[in-house]
Amino acid sequence: MDRRSQSPTPRSHSRILAQSEVTLRIPSGRPGCNLDLIASFRSLDVSAGGVQVGVDRPLRLDALLRMNITVPALNETFRLVGRVVWCHLNTVRQPAWLVGLELMQSSESDLDRWQDSLKNV
């Protein structure tokens, strides 16, 4: 079965329904091309361990993406790294694709600050 069509797995963190601005760095995926696409989207919900984002194109499963997330309720921007764990077509409305990103620890990441900040929301 194509994992793009699978439903999201059960969540281990509580979700906060918050529309935040998410700027993703999407690797081109073309051999020999080191240029990343930088695009802004809206999150549908966030948690300490992940983000659900509506995007305009399918994203490759297991791709590691660098992102900035601006949460209006916190008035802060966080640098995070996420792994695409699911991607499926949104047949109900725009955006065309829904993507689940599992947040990963990285030396380039504000993950600890992100998780601490969400405790107060």
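This is a predicted model: local features need pLDDT of at least 70, side-chain atom pairs count only at pLDDT 80 or more; totals for chains, interfaces and linings use all residues.

In which loop does N75 lie?

Mentor: N75 lies in the loop between β4 and β5. Residues are numbered from 1 along each chain as its sequence is written, and side-chain values use heavy atoms, with hydrogens and water left out.

N75 isn't a glycine, yet its phi is positive, at about 55°. With 70% relative accessibility, N75 counts as exposed (over 50% is exposed, under 20% buried and anything in between partly exposed, using a 1.4 Å probe and protein chains only). D62, in the loop between β3 and β4, is another non-glycine residue with a positive phi, near 70°. D62 is partly exposed, its relative accessible area being 37%.

Now for the strands on either side of your loop. The protein chain has six strands and one helix (DSSP runs numbered from the N terminus: E of at least two residues for strands, H or I of at least four for helices). Read from the N terminus, the order is β-β-β-β-β-β-α. The six strands form a closed barrel in the order β1-β2-β3-β6-β5-β4, with antiparallel pairing (two strands pair if DSSP finds at least two bridges between them). From one strand to the next, the twist averages 45°. Helix α1 packs on that sheet, where β2, β3, β4, β5 and β6 are touched, and its direction makes about 90° with that of β5 (axes are lines fitted to C-alpha atoms, for helices over the stretch in contact, and angles run from 0 to 180 degrees between N-to-C directions).

As for individual pairings, β1 and β2 run antiparallel and are joined by seven bridges, with P27 standing opposite D36 in β2.

The structure holds one aromatic pair (rings of Phe, Tyr and Trp, the last by its six-membered ring, pair if their centres lie within 6.5 Å; planes under 30 degrees apart are stacked, over 60 edge-to-face, and the rest tilted). F78 and W114 are the partners: their ring centres are 5.2 Å apart and their planes stand at 85°, so the pair is edge-to-face. F78 belongs to strand β5 (residues 76-89) and W114 to helix α1 (residues 111-118), so the pair ties together parts 36 residues apart in sequence. Both F78 and W114 are buried. Setting aside neighbours within four places in sequence, W114 also contacts V46, S47, A48, V51, I69, V71, L80 and L103, besides F78 (contact means heavy atoms within 4.5 Å).

W114 takes us to the nonpolar side of things. In soluble globular proteins, nonpolar side chains tend to be buried together. Here the largest nonpolar core has 28 residues, and L24, M67, I69, L80, V84, L101 and W114 have the most contacts inside it (a core is a set of buried Ala, Val, Leu, Ile, Met, Phe, Trp, Tyr and Cys residues joined through side-chain atoms within 4.5 Å). β1 (21-27), β2 (36-46), β3 (50-55), β4 (64-71), β5, β6 (97-104) and α1 each supply at least two residues of this core.

S20 sits in the segment before β1 and, at 0% relative accessibility, counts as buried. Not counting residues up to four places away in sequence, S20 touches F41, R42, S43, I69, T70, V71 and P72. S106 is in the loop between β6 and α1 and is partly exposed at 24%.

For the whole chain, buried residues make up 40% of the 121 residues. Among contacts between residues at least 6 apart in sequence, 57% join residues at least 24 apart. The accessible surface comes to about 7200 Å², and 49% of that belongs to carbon and sulfur atoms (areas come from the Shrake-Rupley method with a 1.4 Å probe; for residues, only the protein chains shown count as cover).
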